[in-house]
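This briefing concerns the pairing of strands in one protein model. Please examine the sequence and the structure shown below before reading the points that follow.

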Amino acid sequence: MEEYFICPECGSDDVEVIKERGRELTLKCNECGHVWHVTLPKLIKVPLIVSKHEVSFKGEAELPEGEEIRVGDVVETENDEVRITGIELEGGKRVNRAKVGEIKTLWGESLTYPKVIKVSIYLPKGITQSFRVKVPRGEEFAVGEVVEVGGYTFRIEKIKTERKMLHHGKAKADRIVALMGHHIPRARARRSLELYRGYEEESRAEK
């Protein structure tokens, strides 16, 4: 866990560790020369269940004792970046926030894995064609834009996010759960979305 320090005298971040003894550090500011001491918090290993869409993996996160963790926070592991989606205490109680030391298990979503979004395309005669697509988490989608999925072109009419249903505006893929809209035959799509084939098949394709 990498630490960053700010000089309490001049506010500079040009700080170096000149002495280290366990969790006791002696720091020096290279701007003003101020020297001071800090004690790093004790790190506790907390079990962490990380989901990559339909597959979950057991791991752990090293977090400072006493630090408050909330649902929605992002924590780093040795090889991943994870957004916390659930916090479990002893006895299986689920809460939205808790301090490290009280937490039994954390649940989270890998942010290094592409976002998987459900797409529902409304066809004539009440038929709905559904797909799952994978997109970069930073990609944006807007109500009204025309896209193509699996050979179907459709206009996005609704965007379901983690918090609400959008009938106008736009949202980043990282927060989108589903895209919905009617099929528009022969329309020109702004972009084509890649179908998601499942974790196992995607992993094999990367090798």
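**Strand pairing in the model**

Strand β2 pairs with strand β3, which spans residues 35–39, in the antiparallel sense over five bridges. The model described here is predicted.

**β2 and β3**
- Within this pair, T26 stands opposite H37 in β3.
- The strands β2 and β3 form a hairpin, with five residues between them.
- In the turn of that hairpin, G33 has a positive phi of about 85°.

**β1 and β2**
- Strand β1 covers residues 15–21 and strand β2 covers residues 24–29; their pairing is antiparallel and runs over six bridges.
- Opposite V17 stands L27 in β2.
- A hairpin is also formed by β1 and β2, here with two residues between the strands.
- The turn between β1 and β2 contains G22, whose phi is positive, at about 65°.

**The sheet of β16, β15 and β21**
- Three strands form an open sheet, and their order is β16-β15-β21.
- The pairing in this sheet is mixed.
- The edge strands are β16, at residues 152–155, and β21, at residues 191–192, and each of them pairs on one side only.
- Strand β15, made up of residues 146–149, pairs with β16 in the antiparallel sense over four bridges.
- In the pairing of β15 with β16, V146 stands opposite R155 in β16.

Definitions and conventions: Residues numbered from 1 in each chain as written. Predicted model: local features only at pLDDT ≥ 70, side-chain atom pairs only at ≥ 80, totals over all residues. Heavy atoms only, no water. Pairing = 2+ DSSP bridges.
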